[in-house]
Amino acid sequence: MDKDNTTMTTKQKNPAEARSVWRELRDALRGTSADYTKIPLRRAVFLLAVPMVLELVLESTFAVVDIFFVGMLGASAVATVGLTESYLFLIYSVAMGLSLAVTAVVARRIGENKPEEAAISAVQAILVALVVSLPFAYVGIVYARELLALMGADAWTLEHGVNYMRWMLGGNAVILLLFVINAVFRGAGDAAAAMRVLWVANGLNIVLDPILIFGFGPIPAMGVEGAAIATNIGRGAGVLMQLWILFRGGKHIRILGSQLVLRGSVMLNIVRTSLGGTGQMIIATTSWIFLLRILASIGSEAVAGATIGIRIMMFTLMPAWGMSNAAATLVGQNLGSQQPERATAAVWRIGWYNMVFTLSVSVLFFFFHDRIVAIFSDDARVIAIGGEWLRILSYSYFVYGWWMVSVQAYNGAGDTMTPTWINLVFFWMIQIPLSWLLAIQLGWQHSGVFWGTFVSETSVGLFTLWLFSRGGWKKAQV
């Protein structure tokens with residue numbers, strides 16, 4: 001009889017548990033006014049991580065769709081996008097650096113129960129983004145042709161691609177504002193708002209891309225310039241939506257008219273903190289440029305295989321990045337509320353989640369590496385090279401999950417300089433020389449680059465995690 005009662009009780013609980021999961025998922029997508037410094041840690045991680053993961057997945061999907069439509073115009077059109085993005089890289093680095101600083105500052109103020117100060121910090125961040133955008137816009141509009149020529153653009157690009165660059169660099173303010181204001185939402189704990197904004201911006205962009213590129217009804221075909229216009233309209237709509245949420249009042253932060261003031265000290269604090277974040281992005285990206293240069297000296301197949309491998313890697317890491325961003329918010333808010341141990345617990349919990357996820361991906365890389373690469377290429381040599389990198393990655397892919405969450409713990413605490421110095425040592429002083437030595441001097445070819453990357457990135461992940469465990473990040477002030 002007792003056994004029967006136990007069975008019936010279990011059966012009765014299951015539907016309730018299922019409803020609870022769906023309720024939590026609904027709350028994560030809609031957003032809640034929950035206090036992330038007080039609710040159960042598991043729920044806090046779930047409510048923040050779900051929209052952050054979906055946000056990054058959609059962003060990566062847009063990048064694929066965008067280049068798909070542009071690719072229909074030919075190689076020169078794709079080259080126009082690539083050459084322009086070589087300049088946009090600097091803007092993205094600044095935008096991401098500012099975002100790291102803004103998330104840290106806003107999260108700390110929210111954790112200190114100072115929503116008014118958080119709103120004032122958001123205003124200063126928006127002003128900084130607008131000021132930073134001006135020189136980029138001027139140079140991009142006035143010297144677009146010269147910038148393309150400097151990068152070795154062909155005759156078609158110099159004739160048809162100039163306006164693309166003018167639109168993209170001239171409209172860089174929407175890039176900076178999208179990054180910065182979404183960082184405000186994340187820092188405040190309103191990750192669902194950031195997710196919805198990118199859904200609107202990228203969704204509109206995807207719809208407008210084919211219409212403006214190829215024409216539709218009375219709308220003329222604009223070619224590659226149409227892709228730039230679609231991007232600016234989509235991002236511009238996203239920024240308008242952000243401002244509407246900020247002034248109308250989101251779940252955790254609202255800007256009032258009285259808070260539209262200039263606070264020099266707050267602005268300088270954001271700029272100072274962002275320098276480390278910008279440095280992190282520049283160091284990591286330029287190290288990849290050097291590795292590509294080494295691979296280019298080996299052969300085009302090596303470049304193609306490595307490029308496919310790195311894109312597969314970045315796509316599969318999107319969920320881990322989303323969870324790591326949740327760690328940054330939880331660290332900032334809990335340090336602000338004087339709960340450093342809860343901040344530590346949040347990082348360890350998310351680190352374990354990340355490790356389980358990356359371990360599952362590494363199994364796929366190990367057993368199906370060639371088949372995965374074959375989705376993107378039918379060249380046997382490219383498949384072999386790309387597959388080799390995925391197989392090497394599988395040996396320590398779980399470290400990436402820990403690395404990302406520990407780096408974001410530092411960034412969320414406001415200590416953006418420590419990860420910058422770590423990247424400088426492990427990427428520029430170890431990864432690049434070691435890869436060159438193995439690939440060129442010892443004759444390992446592309447395998448030397450892959451093993452050099454394996455050694456440096458496994459080492460930086462373990463070292464950053466060890467340094468995090470020492471707890472110095474808890475003393476950071478923003």
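**Reading a predicted chain**

Student: Where does K114 fall: buried, exposed or partly exposed?

Tutor: K114 counts as partly exposed, because its relative accessibility is 38%. The scale is simple: buried means under 20% relative accessible area, exposed means over 50%, and partly exposed lies in between (1.4 Å probe, protein chains only). One caution about the source: this is a predicted model, so local features need pLDDT of at least 70, side-chain atom pairs count only at pLDDT 80 or more, and totals for chains, interfaces and linings use all residues. Residues are numbered from 1 along each chain as its sequence is written, and side-chain values use heavy atoms, leaving out hydrogens and water.

Student: Which residue forms a salt bridge with K114?

Tutor: By definition, a salt bridge puts a side-chain nitrogen of Lys or Arg within 4 Å of a carboxyl oxygen of Asp or Glu. Here the partner of K114 is E112, with the closest N and O atoms 3.8 Å apart. E112 is also partly exposed, because its relative accessibility is 27%. The whole structure holds nine salt bridges.

Student: Which distant parts of the chain does the pair R43 and D27 link?

Tutor: First the contact itself: the R43 and D27 side chains form a salt bridge at 3.6 Å, N to O. R43 lies in helix 2 (residues 41–71) and D27 in helix 1 (residues 2–30), 16 residues apart. Check the surroundings too. D27 is buried, because its relative accessible area is 15%. R43 is partly exposed, because its value is 25%.

Student: What is the bridge partner of E117?

Tutor: E117 pairs with R263, the closest N and O atoms being 3.9 Å apart. This pair spans 146 residues: E117 sits in helix 4 (residues 115–142), R263 in the loop between helix 10 (224–248) and helix 11 (264–296). E117 is partly exposed at 29%, and R263 is partly exposed at 33%. Bridges can also share partners, as those that join E24, R26, D27 and R43 into one network do.

Student: How many helices and strands does the protein chain have?

Tutor: Helices are DSSP runs of H or I with at least four residues, strands are runs of E with at least two, numbered from the N terminus. This chain has 18 helices and zero strands.

Student: Which residues form the nonpolar patch on the surface?

Tutor: Patch residues have over 30% relative accessible area and no salt bridge; like charges are joined within 9 Å, nonpolar side chains (Val, Leu, Ile, Met, Phe, Trp, Tyr) within 5 Å. Here V363, L364, F366, F367, F368 and Y395 make the patch, with about 570 Å² of accessible area together. Take F368. Its place is in helix 14 (residues 340–374). F368 is partly exposed, because its relative accessible area is 36%.

Student: What radius of gyration does the protein chain have?

Tutor: The value is taken over C-alpha atoms, and the globule rule is 2.2 Å times the number of residues to the power 0.38. The chain has 23 Å, which agrees with the figure near 23 Å for a compact globule of 478 residues. Its C-alpha trace spans about 75 × 55 × 45 Å along the principal axes. Of the 478 residues, 54% count as buried.

Student: Where is the pLDDT below 50?

Tutor: pLDDT is the predictor's confidence in each residue, from 0 to 100. The chain's mean is 89, and 96% of its residues reach 70 or more. Over residues 1–13 the pLDDT is below 50, and this stretch has zero contacts (heavy atoms within 4.5 Å) beyond near neighbours in sequence. Where pLDDT is low, predicted coordinates should not be read in detail.

Notes: Areas by Shrake-Rupley, 256 points an atom, 1.4 Å probe, with all protein chains shown as cover.
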